[in-house]
Amino acid sequence: MQHVGVQSLLKVHVKNKTFVGANGAKTQALKDASLTLRENSFTVFFGPSGCGKSTLLRILAGLDTDFEGDLHWAHAPKVGMVFQEPRLLPWRTVRENIMLSADPTFTEVDFQELIEVIGLSEMLSHFPGELSLGLSRRVAIARAFASKPNLLLLDEPFVSLDAPTAARLRQLVRTLWVDNPITAVMVTHDMREAVELGEEVLLFTARPGSIHERLQILPTDRADEAAIEAKRAEVKSRYPHLFEE
Amino acid sequence: MRYVYPLFSILGFLLIWTLAAYWVADVLLPGPVEVWSALYREIASGALWHHMFATLWRVLASFILAMVIGIAIGLVMGRSQLVNGLFDSWLILFLNIPALVIIFLCYIWGGLTEIAAIIAVVINKVPNVAVTLREGTRSLSVDLEEMGQSFRYTNLQKFQHIILPQLQPFIVAAGRSGLSLIWKIVLVVEFIGRSDGVGFQLHTYFQLFDVAGIFAYSLAFIAVMLLIEILMVQPWERYATRWRAEPA
């Protein structure tokens with residue numbers, strides 16, 4: 001039986017994920033972390049540094065397979081990743097960087113549309129070294145969408161941007177997510193960002209990381225700046241130990 | 001000003017050379033004029049082109065072979081700790097076998113043939129390329145590799161767009177030192193066991209104690225290698241590094 005809208009894309013349980021350092025010291029990054037991703041949902045991993053939220057994202061991305069636990073995909077995911085650093089190919093132009101990752105069904109018309117929305121029209125023949133961090137991030141986001149993912153993974157994609165640029169890019173990601181059938185997961189340590197984008201926010205405890213609480217974010221919670229701020233303050237007063245500011 | 005200093009430098013060199021030849025006044029140290037007339041004689045008779053092309057062909061063939069084989073070995077050794085552990089000592093061995101020994105052995109086992117000559121040059125050069133490319137491979141970015149993996153780049157795309165551009169400076173370095181090493185070894189190979197090529201001609205003039213002839217062939221060949229550097233290596237390098245911001 002499939003129920004449209006409540007179908008889950010992924011059930012994951014990570015029993016144990018341990019890193020072994022260069023000196024042999026072991027650090028447990030994740031302990032009994034489990035979650036379910038609904039199709040076309042937007043989930044946010046929130047928590048202090050070192051709580052294993054990026055590690056879990058890398059496990060979802062298939063970049064880290066060395067852990068105890070299991071992943072159950074409803075169907076094979078097609079991952080579009082936006083890394084913390086843009087990770088563009090410095091020796092390829094903006095256009096080439098985007099098109100190299102593009103899905104075979106991604107046409108020139110789709111490309112022009114995406115570029116228009118993201119605002120990169122003037123930059124297509126530039127090399128990444130000539131771009132600001134904000135522009136590089138936009139290229140990284142464009143690249144992820146061009147790959148036509150059904151699972152979009154964002155690892156602190158707006159970190160170290162000035163506030164207006166970050167706000168614009170958040171709006172951009174939201175627009176693209178609304179317009180496309182995509183399940184999104186974003187890692188952040190900024191609760192305002194989490195409230196603005198997420199439908200569900202998973203609060204991670206500090207190391208060894210596991211999921212402490214699930215918060216549902218309602219459309220009214222992000223109705224305007226004041227609502228977002230109110231929600232942030234409320235969460236902070238309930239879980240002060242998870243905030244770093 | 002860019003061309004003035006080198007020009008004066010070259011003129012100064014020619015002047016010192018002329019004065020020294022005049023002062024020594026011996027056929028064993030010919031001046032620029034004698035060398036030029038020896039060069040002219042070789043050009044006019046067609047001998048220079050014949051031997052030059054023979055040598056260039058050997059340089060080109062062994063250069064391409066040595067680069068391709070050396071890059072492949074360097075990539076595998078840089079990527080795999082196991083392979084590196086197994087063959088590292090081989091590499092050190094081959095790096096340190098004297099060029100002359102390799103040449104002798106190739107001629108002894110393969111006969112005085114073209115193939116033996118080229119194999120000898122290739123074996124001399126491959127370890128250098130492999131060592132340089134191994135270092136390059138070890139410095140490849142893990143971040144970009146993960147990026148390629150998560151966007152499902154094909155192996156060809158990974159190689160062409162992620163790996164090769166990062167190895168480019170190492171390939172240029174290996175190629176530069178390779179070209180200068182290879183043409184010197186090719187000359188030795190020709191000297192010992194071929195009946196044409198610049199090395200063979202040098203051998204002939206050495207037996208005649210014709211220093212002007214030796215100079216003429218050396219200078220002609222150096223000029224050709226300079227042209228290759230200026231007309232081929234540098235333009236390619238400029239193209240390959242066009243994405244780097246211009247140095248201020």
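What is the mean pLDDT of chain A, and what percentage of its residues reach 70 or more? The mean is 86, and 97% of the residues of chain A reach 70 or more; pLDDT is the predictor's confidence in each residue, from 0 to 100. This is a predicted model, in which local features need pLDDT of at least 70 and side-chain atom pairs count only at pLDDT 80 or more, while totals for chains, interfaces and linings use all residues. Residues are numbered from 1 along each chain as its sequence is written, and chains are lettered from A and ligands numbered from 1 in the order in which they are written.

Let me continue with confidence. Within chain A, the lowest mean, 82, belongs to strand 1 (residues 8–20), and the highest, 93, to helix 2. Helices here are DSSP runs of H or I with at least four residues, strands are runs of E with at least two, and both are numbered from the N terminus. For chain B the mean pLDDT is 89, with 98% of residues at 70 or more. For the complex, the predictor gives an ipTM of 0.84 and a pTM of 0.79.

I turn to chain A. Helix 1 (residues 53–61) is largely enclosed by the rest of the structure, because 9 of its 9 residues are buried. A residue is buried if 20 or more other C-beta atoms lie within 10 Å of its own, exposed if 12 or fewer do, and partly exposed in between, with C-beta atoms placed from the backbone. Among the buried residues of this helix are A:Lys53, A:Arg58 and A:Leu60. Just after helix 1 of chain A comes A:Gly62, with a positive phi of about 80°.

Two further residues deserve attention for their backbone. Most residues other than glycine have a negative phi. A:Arg87, although not a glycine, has a positive phi of about 50°. A:Arg87 sits in the loop between strand 5 and helix 2 of chain A, and counts as buried because it has 22 C-beta neighbours inside 10 Å. A:Glu156, also not a glycine, has a positive phi near 40°. The loop that holds A:Glu156 runs between strand 6 (151–155) and helix 5 (163–179) of chain A. With 20 other C-beta atoms within 10 Å, A:Glu156 is buried.

Next, the interface. Chain A contributes 17 residues to the contact and chain B contributes 14, two residues being in contact if their C-beta atoms, placed from the backbone, lie within 7 Å. On the side of chain A that touches chain B, strand 5 (79–82) and helix 2 (94–101) each supply at least two residues. That side of chain A comprises 10 nonpolar, 3 polar and 4 charged residues. In this classification Ala, Val, Leu, Ile, Met, Phe, Trp, Tyr, Cys and Pro are nonpolar, Asp, Glu, Lys and Arg are charged, and the others, Gly among them, are polar.

Now to chain B, which has 10 helices and 0 strands. Its C-alpha atoms fill a box of roughly 70 × 55 × 30 Å along the principal axes. Of its 248 residues, 31% count as buried. Among contacts in chain B with a separation of 6 or more, 73% join residues 24 or more positions apart.

Which helices pack together here? Helix 8 (residues 155–193) and helix 10 (residues 211–240) of chain B have axes that come within 11 Å and cross at roughly 175°. Axes are lines fitted to C-alpha atoms, for helices over the stretch in contact, and angles run from 0 to 180 degrees between N-to-C directions. Helix 8 and helix 10 of chain B are therefore roughly antiparallel to each other; angles under 35 degrees count as roughly parallel, over 145 as roughly antiparallel, 65 to 115 as roughly perpendicular and the rest as oblique. The residues that make this contact include B:Leu179 and B:Trp183 of helix 8 and B:Met225 and B:Val233 of helix 10. By class, the contact has 6 nonpolar, 2 polar and 2 charged residues.

Finally, B:Asp196 lies in the loop between helix 8 and helix 9 (198–207) of chain B. With 15 C-beta neighbours inside 10 Å, B:Asp196 counts as partly exposed. The C-alpha atoms of B:Asp196 and B:Ala54 are 6.6 Å apart, although 142 residues separate the two along the chain. Beyond its neighbours within four places in sequence, B:Asp196 is in contact with B:His50, B:His51 and B:Ala54.
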